[in-house]
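Hello,

Here is the structure I promised to pass on. My notes follow below it.

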Amino acid sequence: MKVRGLISALHTMAPVHERILHATSDDGYQFAGWLCEPTDAAVDAKPTLVLWVHGLHLSFANPEYCAIGRAVAARGVAFLSVQTKGHDFGAWVRGPSGAKLVGSGWEIFTECLADLGGWLAAARGQGFERIVLVGHGYGAAKVVFFQAERQDRGVCAVVVASSGSLVRD
């Protein structure tokens with residue numbers, strides 16, 4: 001289904017609850033994310049979360065990601081689309097030693113460990129115990145690398161969506 005068809009199909013889906021969430025990476029930088037949750041009472045006692053990591057030059061709030069998140073949440077599974085240091089082409093983030101220039105033009109791939117570690121902590125702080133890591137494009141390399149390095153027991157699956165092979169460090 002093309003994005004246009006998915007967006008129009010949303011009008012017939014179950015209602016969802018959306019909000020902005022903030023997290024601090026393991027190395028102290030602050031990021032924003034978008035959490036979309038089902039509103040019905042049929043949510044698991046131990047809820048599952050799809051944690052979506054954006055691709056190269058992209059951001060957590062791209063319309064396609066929001067459409068996917070709403071569709072997932074309408075089917076009973078929470079969805080969190082997150083920002084990492086590789087968002088957009090260039091951006092400033094706040095951290096322990098002040099501002100840092102990040103973005104896909106300045107990203108250091110291995111720093112995704114700190115970014116995703118912070119997001120997993122934030123997700124657990126929201127009560128999510130089972131987490132499915134999904135990476136789109138360059139985000140796919142990040143989720144695979146993260147789980148290979150950290151072997152986080154709360155991650156129940158890793159999904160690669162349109163992966164590229166742009167890892168350069």
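The accessible surface of the protein is about 8,300 Å². Carbon and sulfur atoms hold 56% of that surface. The areas were computed with the Shrake-Rupley method and a 1.4 Å probe; for residues, only the protein chains shown count as cover.

This is a predicted model: local features need pLDDT of at least 70, side-chain atom pairs count only at pLDDT 80 or more, and totals for chains, interfaces and linings use all residues. Residues are numbered from 1 along each chain as its sequence is written, and side-chain values use heavy atoms, with hydrogens and water left out.

Of the 169 residues, 48% are buried (under 20% relative accessible area; exposed is over 50%, partly exposed in between; 1.4 Å probe, protein chains only).

The protein has four helices and eight strands. These are DSSP runs (helices H or I, at least four residues; strands E, at least two), numbered from the N terminus. Their order is α-β-β-β-α-β-β-β-α-β-α-β.

Helix H2 covers residues 63-74. Gly76 follows H2, with a positive phi near 100°.

Val158 sits in strand E8 (residues 155-161). Val158 is partly exposed, at 33% relative accessible area. Beyond neighbours within four places in sequence, Val158 contacts Leu133, Val143, Val144 and Gln147. The C-alpha atoms of Val158 and Leu133 are 4.8 Å apart, at 25 residues along the chain.

Best regards

Definitions and conventions. The expected span of a helix is 1.5 Å times one less than its number of residues. Contact means heavy atoms within 4.5 Å.
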